[in-house]
Every structure is written in C-alpha cells, then in structure tokens.
Amino acid sequence: MANFVDRVVLHLRAGNGGHGVASVHREKFKPLGGPDGGNGGRGGDIILRVDPQVTTLVDYHHGPHRTAPNGKPGEGGERHGAQGEDLVLPVPSGTVVTTRAGEVLADLVGDGTEYVVARGGRGGLGNKALASTRRKAPGFALLGEPGEEVEVLLELKTLADVALIGFPSAGKSSLVSVMSAAKPKIADYPFTTLVPNLGVVTAGGHRFTMADVPGLIPGASEGKGLGLQFLRHVERCHVLVHVIDCATLEPGRDPLTDLEVIEHELAEYVPHGQLGGIPLAERVRVVVLNKADVPEARELAEMVRPDLQEQGYEVHIVSAVAHQGLKELGYALAAHVRKAREEQIVIEPARVIVRPQAIDDQGFRVVRENTSDGEVFRVVGDRPTRWVRQTDFANDEAVGYLADRLNRLGVEDELLKAGAVAGSTVLIGPEDDAVVFDWEPTMAGGAELLGSRGSDLRLDERTRPTRAEKREAFHDKMTAAERARQEMAAERRAGKWTEPE
C-alpha cells in the first residue's frame with residue numbers, strides 16, 4: 001500500500017505525422033512518368049483507458065513523460081508511410097482527467113472507458129496527391145503535422161458505496177476488516193491509514209463496497225493533514241458513516257464535538273460540479289459509536305445516543321473488536337445503499353449535435369496588434385496554421401503553393417481590410433511559435449502566361465491533326481508563298497530594287 005498514488009501530472013506528446021515525398025516515376029521508355037510520391041503516415045494518439053487490473057497511478061508517478069510513435073514518411077512509387085501506433089495508458093476506474101487550471105476533460109468510470117487525451121499529427125501529402133489538372137508535376141510535398149503536446153492532471157476518486165469517515169484511530173480500518181475480507185493495516189497511532197482501503201460487504205442478500213479513507217482533522221477542507229486527499233475519495237460515495245471513538249483519552253474530545261468538527265469539514269468541501277456529485281453535507285449519514293467493548297465507552301455511547309437521534313442521525317453502537325452490533329449495521333447500510341442506487345440519476349450520453357459550417361465562414365480572422373516591435377497583423381485560424389506547419393520553406397514552389405492557398409482562402413483580402421500594406425509584418429500560428437512574414441500583395445507579372453505553378457507543358461496531351469487538316473495547312477502555306485513571290489516580282493519591275501546612278 002505504500003506505493004498507492006492517487007494524483008499525478010502527466011506530460012504527453014502524441015506522435016508527429018510523417019512527411020510526404022516528392023518523387024517522379026521513372027521507367028524505361030517513359031522519361032516523363034509523372035509524380036508518384038506517397039503520403040506520410042498519421043502520428044499515434046495517446047489514449048487513457050480504464051483497466052480493471054489497475055488500482056493505482058503509481059506507474060505514472062515514476063514515469064510521467066510519455067510519447068507516442070511518429071508516423072513514417074512516404075516513399076516513391078505511391079507508397080504511403082505507416083501510421084504511428086496508438087499509445088494506450090491504462091488507468092483505474094474513477095480517474096478524473098483535468099487540466100492544470102482545473103477544467104475537467106474526462107471522468108473515466110467503467111471498464112473499457114477511454115479518452116483520447118492527445119491526438120497525433122496528420123501525415124503530409126505527397127506530390128502524387130497534390131497533382132491535378134492544373135498542377136500536373138508538383139515538385140514539392142507537404143510536411144507532417146506535429147503531434148499535440150499536453151499536460152494533464154490525473155486524480156483517482158475512490159468508487160465505493162459507503163465511506164467510513166472520522167478522526168484518526170477511530171476504528172475505521174477495524175470495521176472494514178471485520179465486515180469484509182479486506183486486511184488493512186491497523187495500529188494504535190494516528191494516521192495509520194494513509195490510503196483508501198476497499199472491502200466488499202454482504203448483508204441481506206445485497207453486496208456493497210465500503211471504503212476506509214484517511215482520517216480527518218480540523219481544517220481538512222483547507223488541505224490540513226491529509227485534507228483534500230481524504231475528501232477526494234469521499235466524493236463518489238452514496239452513504240457517509242461517521243465512526244466516532246467513544247474511548248478516546250484526548251482532552252477536548254467527545255462524540256458530539258467530533259461529529260460537529262467532521263460535519264463542518266464536509267460542509268466546507270464542495271465536490272466538482274461537472275462530476276454530477278451532490279454536496280457531501282446533503283448525503284445520507286449514519287453515526288457509528290465505536291469501541292463499545294470498553295465499559296466507559298459503552299456508557300458514554302448510551303448517554304449521547306438520544307442527543308444524536310434528536311439531531312436526525314441514525315445511530316449504531318458497535319464494537320469492531322468484540323463484533324458487537326455489526327450485523328445490524330450491515331443490514332442498515334445495505335438498505336441505504338439500495339435506496340441510493342434506486343434514486344441515483346442516470347446520466348444519459350449527450351446527443352451529437354451537427355452544426356454545419358456557414359457558407360461564408362472563412363475559418364480565420366485577422367487581428368491587428370501593437371507590440372514592442374511595432375504594429376503586426378496576426379492571422380488566427382486552424383487552417384492557415386496547419387498549412388504553415390505543413391510547408392517546407394526551403395522549397396520555393398512549396399512557398400508559392402502556400403501563398404496560393406492563403407490567397408484563395410481570402411487572407412490577402414482580409415489583410416487589406418485590416419489596414420495592412422506592403423512590407424507589413426504578418427504572423428500566422430500560435431503566439432509562442434508563429435511564422436513571421438513580410439507581406440507583399442500578390443501582383444500579376446506575366447509569369448502566369450507560362451503556365452500555372454507545378455505544371456509541365458510537355459505533359460499536356462495533344463491530339464494529332466487529321467489528313468484533311470494537314471492538306472489544308474499545306475495549301476495555305478503554298479498560297480502564302482505564291483503571294484509573296486508575286487509581290488516581290490512587282491516590286492522588282494517597279495524599280496524598287498535598282499541601285500541609284
């Protein structure tokens with residue numbers, strides 16, 4: 001149990017997508033076989049999956065950095081790169097995945113439940129996939145996208161029907177050991193229990209799980225002692241059982257005071273709203289006056305029992321050592337658990353709502369910013385950012401292809417509307433890793449008359465002329481030649497070609 005870990009921070013990086021390749025098919029008697037570069041493979045995802053054989057997060061405590069395999073690059077001959085294998089991380093049932101800021105990403109409950117916490121990057125397209133009727137011989141390929149890098153917090157919240165709560169050394173572990181087959185560590189010093197102990201109890205034909213969680217002290221809701229580590233494991237339990245030590249010799253301690261202190265801590269702790277939990281103070285609570293085998297403790301328990309019942313509590317006087325009152329307690333808890341299960345709200349899976357993208361939605365926006373280096377224009381959008389990441393800036397043709405894509409998307413028009421001029425600084429991408437351009441508006445310079453970028457006129461299909469077309473072209477040629485000879489003869493007779501005396 002010393003290796004029990006219920007809270008870890010994971011640093012995850014999904015696999016990068018493989019690069020596409022620019023290749024030309026080469027075969028005997030086919031010098032211009034066309035592009036045949038394959039696409040790169042997708043990078044591997046990182047998936048958290050509930051495994052019933054896993055009960056702790058200790059593996060991730062010792063190895064918090066995990067990386068998924070990358071996708072393989074494409075090859076010539078239209079061979080696509082292999083996809084990176086997904087990395088599956090097994091976690092216990094009851095694991096909550098949150099960001100470092102506290103936003104809940106997933107609540108993993110139930111065997112086989114999984115959540116894709118980091119997605120692998122897309123593979124880049126090869127020049128075969130980039131070829132079209134207008135771009136028949138691309139001399140470039142797209143790069144693979146990098147995989148997502150995330151930092152998440154895993155918290156294990158115990159899944160149990162009944163939680164035994166109380167001050168340290170109140171006898172909670174002893175109750176679990178005698179009412180179930182669990183064998184927790186038991187000693188006569190405070191904070192013997194450092195981790196939750198689960199036991200299965202059978203009573204009246206019903207089975208339920210009982211959790212002995214770490215002890216409480218005043219200020220636990222603020223993090224004192226085991227504090228939030230304790231309250232986190234109580235959050236999912238249906239029934240809360242106050243185990244009160246009636247034989248304690250500590251000054252200032254008595255059953256009514258102990259109960260009041262613990263109730264205050266329960267009221268101060270607020271369960272996470274996104275997990276569907278109700279406040280702890282509103283759950284079914286049962287008071288167990290323990291250690292009744294001691295005569296003085298038995299007398300004290302009988303004395304305070306009417307006062308607790310007047311406050312609305314169900315009270316049981318038991319002795320874990322002498323096995324007194326345990327059978328009645330088991331039947332009572334089974335009844336409470338059965339009722340809580342019947343009243344539990346079943347959360348239906350959310351319906352998938354499809355919202356079609358608007359026809360005029362360009363998928364990006366241009367933000368004008370004033371920085372210490374002067375005025376800049378930032379292009380924010382998934383598509384422009386992805387296109388920039390996939391561009392090989394060492395290839396002029398690839399850069400030109402990027403410019404064409406951005407222009408067709410309408411980025412240039414939006415820059416003009418935002419007030420950008422020639423030479424303005426344009427940033428595309430996230431703030432910490434943006435690509436910087438010195439913007440120059442697109443101008444037609446006549447190069448487009450030579451053919452579109454990535455085209456080769458030698459690959460254009462040309463039809464052979466018919467015999468009639470050849471005869472017509474020959475007669476036209478002979479007629480033009482005869483007309484030229486007649487014009488030359490007329491000029492000679494007119495004396496235009498005679499030398500002056």
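The largest nonpolar core of this predicted model has 22 residues. Val 162, Leu 164, Leu 175, Phe 208, Met 210, Val 241 and Leu 333 have the most contacts inside this core. Elements that give two or more residues to the core include β9, α3, β12 and α7. With five residues, α7 gives the most.

Met 210 touches Val 162, Leu 164, Val 176, Met 179, Asn 197, Leu 198, Gly 199, Val 201 and Leu 333, not counting residues up to four places away in sequence.

Six strands form an open, mixed sheet in the order β10-β11-β9-β12-β13-β14. β10 and β14 are the edge strands; each has a single partner, so one side of each is left without a neighbour in the sheet. From one strand to the next, the twist averages 25 degrees. β10 pairs with β11 in the antiparallel sense over seven bridges. Asn 197 stands opposite Asp 212 in β11.

| Helix | Strands touched | Angle to β11 |
|---|---|---|
| α7 | β9, β10, β11, β12, β13, β14 | about 100 degrees |

His 316 is found in β14, residues 314-317. Is His 316 buried or exposed? His 316 counts as buried because its relative accessible area is 13%, and the cut-off is under 20%. Leaving aside neighbours within four places in sequence, His 316 is in contact with Val 286, Val 287, Val 288, Leu 289, Glu 328, Leu 329 and Ala 332.

Conventions. Residues numbered from 1 in each chain as written. Predicted model: local features only at pLDDT ≥ 70, side-chain atom pairs only at ≥ 80, totals over all residues. Heavy atoms only, no water. Core = buried A, V, L, I, M, F, W, Y, C linked by side-chain atoms within 4.5 Å. Buried < 20%, exposed > 50% of the residue type's maximum accessible area, 1.4 Å probe, protein only. Helix = DSSP H or I, 4+ residues; strand = E, 2+ residues; numbered from the N terminus. Contact = heavy atoms within 4.5 Å. Pairing = 2+ DSSP bridges. Axes fitted to C-alpha atoms, helices over the stretch in contact; angles between N-to-C directions.
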